[in-house]
Amino acid sequence: MHRLEFREVRKRSLKAERSMQRSSCFGASLVTNLHHFIALVCATLVRTMLPMGLGVSFDFGHVYGFASAIYGAPKQFAVQERSGMHETSPLKLSHFDHFPESLLDVPATSLWQYLDSPSLFHISGRREEPIFVSVLLHGNEHSGWRAAQAIIRRHRDIPLPRSLLLFVGNIEAAKMNVRTLAHQQDYNRVWLSASEDRAPEAVLMREVFDIVKRRRPFAAIDVHNNTGNNPHYACVTNLAPRFLHLARLFGRTVVYFTKPEGVQTGALSKISPSVTVECGRSEDIAGDEHVVEFISSALGLSQWPSHPVPETDV
């Protein structure tokens, strides 16, 4: 464990380092700027078409991928800005034995300035068996991060009713506010992958899973957003009563699924009740509030009910 320190001098140093990198890679930046230009032109065209009622859905990440397919991914995005490691380099998992107060007001898009890598926060509560919560597995889905901040603010002066393991995932994609960067594998498709899968994201998730398994979690929650104005709903990969009780805490709409594979909820279902919650669009504050109340309710449980969930309740 180590404690996170925030110093203004560190920020200035990082800014100077990035400035030097840009100066030494002028040729590469021309390619990157062209790449961005094409993506933005496509985005402008789509946004122009939307008022015409053509029913076009827009995602900058998809447009960016289209530009990548034509011109190749810019070299700048195959490098981690902070460390200079190539895309095939291992992803380091950072550990924290508390949640630094300085992170309480940091938006997801700015986390890269404070966290070097995907991070696991170990936050003690009155009951030892933790609830594992993953947020930002997709970089443009921010409700989980904001909900975690809100819950920790509530408990600044009082302990959590139960310990919390908070995993903050794709910080690099969050910086760009996109689901996944071009050189990355989807952070929610590589859980419990085969040991021979040496992709950095797969190795990282195996490490996270092993740590969580050793802590014997009470439950596991994965927080996501939708791109459309969908109703909020929970997803489970197991129909056992404890899974349904957990999902029912979020709402009555519950989806059972077995595909896609490699998702957090499916992996964690091997060791505890687990659920994915989809809480509407990322910018919808109502989704944040719903997740706050859901996680707070789960943290407050002392044990699982012994009776099954009535069929009329889901």
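Biologist: Which residues form one aromatic cluster?
Modeller: Phe 96, Phe 99, Phe 121 and Trp 145 form it. Before we go on, note that this is a predicted model, where local features need pLDDT of at least 70, side-chain atom pairs count only at pLDDT 80 or more, and totals for chains, interfaces and linings use all residues. Residues are numbered from 1 along each chain as its sequence is written, and side-chain values use heavy atoms, leaving out hydrogens and water.

Biologist: How is a pair of aromatic rings described?
Modeller: By the distance of the centres and the angle of the planes. Rings of Phe, Tyr and Trp (its six-membered ring) pair if their centres lie within 6.5 Å; planes under 30 degrees apart are stacked, over 60 edge-to-face, and the rest tilted. The structure holds 7 aromatic pairs.

Biologist: Is Phe 132 buried or exposed?
Modeller: Buried means under 20% relative accessible area, exposed over 50%, and partly exposed in between (1.4 Å probe, protein chains only). Phe 132 counts as buried because its relative accessibility is 0%. Trp 191, at 3%, also counts as buried. Another edge-to-face pair is Phe 250 with Phe 294, at 5.3 Å centre to centre and 75° between the planes.

Biologist: Which charged end sits over the ring of Phe 218?
Modeller: A charge sits over a ring if NZ of Lys or CZ of Arg is within 6 Å of the ring centre and within 35 degrees of the ring normal. Here it is Arg 162, 3.9 Å from the centre of the Phe 218 ring.
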